[in-house]
Amino acid sequence: MNGCGMAGQSNAAPVIIKRKKIIQAGGHHGGAWKVAYADFVTAMMAFFLLMWLLGATTEKQRKGVADYFSPTIPINRISGGGDGAFGGESVFTDETLSQNGTGAAMQRPTDSDQSAGLQGETELAGLQEKMERALTALGGESMTMQQALRHVVTKVTDEGLVIELFDLDRAPLFHGDTAQPEPVTEAIAARLAEVLAITTNEIAVNGHMRHYPITLIDNPVWALSQSRAATMKALIESNGMPSERFQRIAGFADRKPVTADATAGRNNRIEIILLRRDR
């Protein structure tokens with residue numbers, strides 16, 4: 001009996017236990033590639049959105065967006081992108097950044113160097129603040145003056161503080177291709193005479209014209225840019241500005257366009273420059 005029992009046990013088939021490893025879908029070890037792919041798709045979307053924006057926006061719009069994120073807006077007084085009285089730009093638009101003070105010592109600039117360095121920039125910044133307040137006050141007088149000031153922007157250059165008057169669509173500064181001022185130009189000149197009276201800097205007046213698309217035997221842009229600058233000088237003088245303040249009048253024809261399309265009306269402009277004292 002015992003022998004048979006032992007034989008039966010020894011001949012019994014071994015018991016095999018199989019352990020199945022159940023893998024649940026969505027385990028953490030299998031999702032890393034999804035995160036990486038999502039980051040890649042997001043980056044590509046941002047890239048193509050950036051490329052589309054660069055192609056679909058104007059220089060002024062891109063500038064407004066850049067200025068919004070720039071920490072130097074209070075210093076440089078550049079455009080804010082709004083749609084107020086000045087058409088989305090501050091009256092004092094800095095398209096050319098001012099010098100950074102390398103012409104003089106930062107703490108104690110010398111008398112000979114102060115205009116080119118820190119002191120000169122401080123003086124121009126003070127002029128901007130005074131003129132901004134004055135022009136803003138004028139713009140608040142009436143809707144007509146607000147519309148007129150849409151023709152005005154400013155910038156700081158190596159020459160000094162530039163007040164730029166320019167043509168708007170269907171609102172030119174001069175009648176046709178002449179130097180005869182429109183009423184809006186006369187109104188702006190009268191107001192500028194008041195504003196310029198708060199300064200003592202010498203003044204230069206530059207005339208600029210758009211490029212004529214047709215080659216002309218007698219191209220008028222040289223004479224016209226000079227004549228328009230002289231007209232603006234005369235208008236400001238007639239409103240009380242002493243002639244001694246004017247240092248020069250110049251016409252630059254169509255040689256310095258401010259837009260990619262040199263034939264655009266925006267290039268018809270007059271620059272009134274408050275010259276740096278070291279010029």
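Against which elements do the buried residues of α8 pack? In this predicted model, the buried residues of α8 pack against the strands β2 (160-166), β3 (203-208), β4 (246-251) and β5 (269-275), and against α7. The buried residues in question are Val221, Leu224, Ser225, Arg228, Ala229, Thr231, Met232, Lys233, Leu235 and Ile236. At 1.5 Å a residue, the 18 residues of α8 should span 26 Å, and the distance of 25 Å between its end C-alpha atoms agrees with this. Just after α8, Gly240 adopts a positive phi of about 105°.

Helix α7 (residues 183-196) packs with helix α8 (residues 221-238) at an angle of about 60°, and the two axes are 8 Å apart. The angle makes α7 oblique to α8. The crossing of the two helices, α7 and α8, is right-handed. From α7, the contact involves Thr185, Glu186, Ala189, Ala193 and Leu196; from α8, Met232, Leu235 and Ile236 take part. By class, the residues of this contact of α7 with α8 comprise six nonpolar, one polar and one charged. Met232, Leu235 and Ile236 are also among the buried residues of α8.

Positive phi values also occur in residues other than glycine, as in Arg170 and Ala253. Arg170, with phi of about 60°, is located in the loop between β2 and α7. The residue is exposed, its relative accessible area being 83%. Ala253, with phi near 50°, belongs to the loop between β4 and β5. Ala253 is buried, at a relative accessible area of 0%.

Terms used. Residues are numbered from 1 along each chain as its sequence is written. This is a predicted model: local features need pLDDT of at least 70, side-chain atom pairs count only at pLDDT 80 or more; totals for chains, interfaces and linings use all residues. Side-chain values use heavy atoms; hydrogens and water are left out. Axes are lines fitted to C-alpha atoms, for helices over the stretch in contact, and angles run from 0 to 180 degrees between N-to-C directions. Helices (H or I, at least four residues) and strands (E, at least two) are DSSP runs, numbered from the N terminus. Angles under 35 degrees count as roughly parallel, over 145 as roughly antiparallel, 65 to 115 as roughly perpendicular and the rest as oblique. A crossing is left-handed if the near helix is turned anticlockwise from the far one by less than a right angle, and right-handed if clockwise. Contact means heavy atoms within 4.5 Å. Ala, Val, Leu, Ile, Met, Phe, Trp, Tyr, Cys and Pro count as nonpolar, Asp, Glu, Lys and Arg as charged, and the others, Gly among them, as polar. The expected span of a helix is 1.5 Å times one less than its number of residues. Buried means under 20% relative accessible area, exposed over 50%, partly exposed in between (1.4 Å probe, protein chains only).
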